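Welcome! Open your viewer, get your selection tool ready, and follow along stop by stop.

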There are 2 protein chains.
Amino acid sequence: MDAIEAILGRRSIRKYEDRAVEPEKIDTLVRAGMAAPSAGNQQSWRFIVVTDRAQLDRLAVATPYSGMLTHAPLAIVVCGDTTSAKYPEPYWVEDCSAAMQNILIAARALGLGACWLGYHPRQERKDEARRILGLPANLDTLGVASIGYPAEEKLPSDRDVEDYVRFDRWE
Amino acid sequence: MDAIEAILGRRSIRKYEDRAVEPEKIDTLVRAGMAAPSAGNQQSWRFIVVTDRAQLDRLAVATPYSGMLTHAPLAIVVCGDTTSAKYPEPYWVEDCSAAMQNILIAARALGLGACWLGYHPRQERKDEARRILGLPANLDTLGVASIGYPAEEKLPSDRDVEDYVRFDRWE
């Protein structure tokens, strides 16, 4: 799929077919995440590919708005390795958000649908991820991409440039 | 350009040809940013398109590692509107990082090269953006995309999945 079409047409997809995502597509999705830029090239992103039904069901009830994981065949959890940090500031949030966005666009390009389930900065959600996924102290959770073959269609968002964009100065 | 190729082949490009970016490409870049997801669909991202030479030169010296803006024909400043927030947590950082990443991928797909110059969470850099761009109190700066026709080539990053990915649990 054309890159601009993939970016402009991406929507949050929460309904999926009862159909597994092929291993080669999963490999492309994590490579997309690993191709994200990072502050000082610190490469802080880490990924947990979840296809185990019991683990998906645990994630589905761990946080609000995650119920679609009960019928998603795949989740990719995006975490930041805070020990990889080159700087004292928490740039891992930006690194991991870029990786998450790459995964969402790649999913659409591969004929899949995906939705970003936000964990950071809510501590109670990140505690649940730590418990379910066995995360060590150095890994902090940005969020989870819920992924599958789409069972719903959405039109691209229709937004006016004038509402979001200015030129050379804001005011 | 194919979406997966655009994602996997994107690199930080810091050298540009002495050539303007066409208005229709600038329009596509900001629409790519506006197609990013956002927490609770709050659409917190705002964009300042900078092509004015004096403004680009001011941004070039405002923060470290931004010198390439002295020969870049275009910068897109990505800001978050904190008054658009649906939640008390600063989700705008994630919203704006997704928008930034969309712009970087779209740039590559359009034959351009781009580099993410990080501002947030460094207050002194954000103060400079506020001063130069006339930002009101409700806009906070994530960072700046430096953009132009590439005058350097880089191979895709070569990274091992085993270093970044685990399955079903971390440990």
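Where is the place of A:Asp168 in chain A? Select A:Asp168 and you land in the segment after β5 (165-167); strands here are DSSP runs of E with at least two residues, helices are runs of H or I with at least four, and both are numbered from the N terminus. Phi of A:Asp168 is near 70 degrees, a positive value. Most residues other than glycine have a negative phi, and most peptide bonds are trans. A:Asp168 is partly exposed, at 21% relative accessible area (buried is under 20%, exposed over 50%, partly exposed in between, with a 1.4 Å probe and protein chains only).

A word on what you are viewing: this is a predicted model, in which local features need pLDDT of at least 70, side-chain atom pairs count only at pLDDT 80 or more, and totals for chains, interfaces and linings use all residues. Residues are numbered from 1 along each chain as its sequence is written, chains are lettered from A and ligands numbered from 1 in the order in which they are written, and side-chain values use heavy atoms, leaving out hydrogens and water.

Next, select A:Gln43, in the loop between α2 (23-34) and β1 (45-50) of chain A. Its phi is positive too, near 50 degrees, and A:Gln43 is buried, with a relative accessible area of 17%.

Now pick A:His120 and A:Pro121: the peptide bond from one to the other is cis, with omega near 5 degrees. A:Pro121 sits in the loop between β3 (113-118) and α5 (123-133) of chain A.

Finish in chain B, where a cis peptide bond joins B:His120 and B:Pro121, with omega about 5 degrees.
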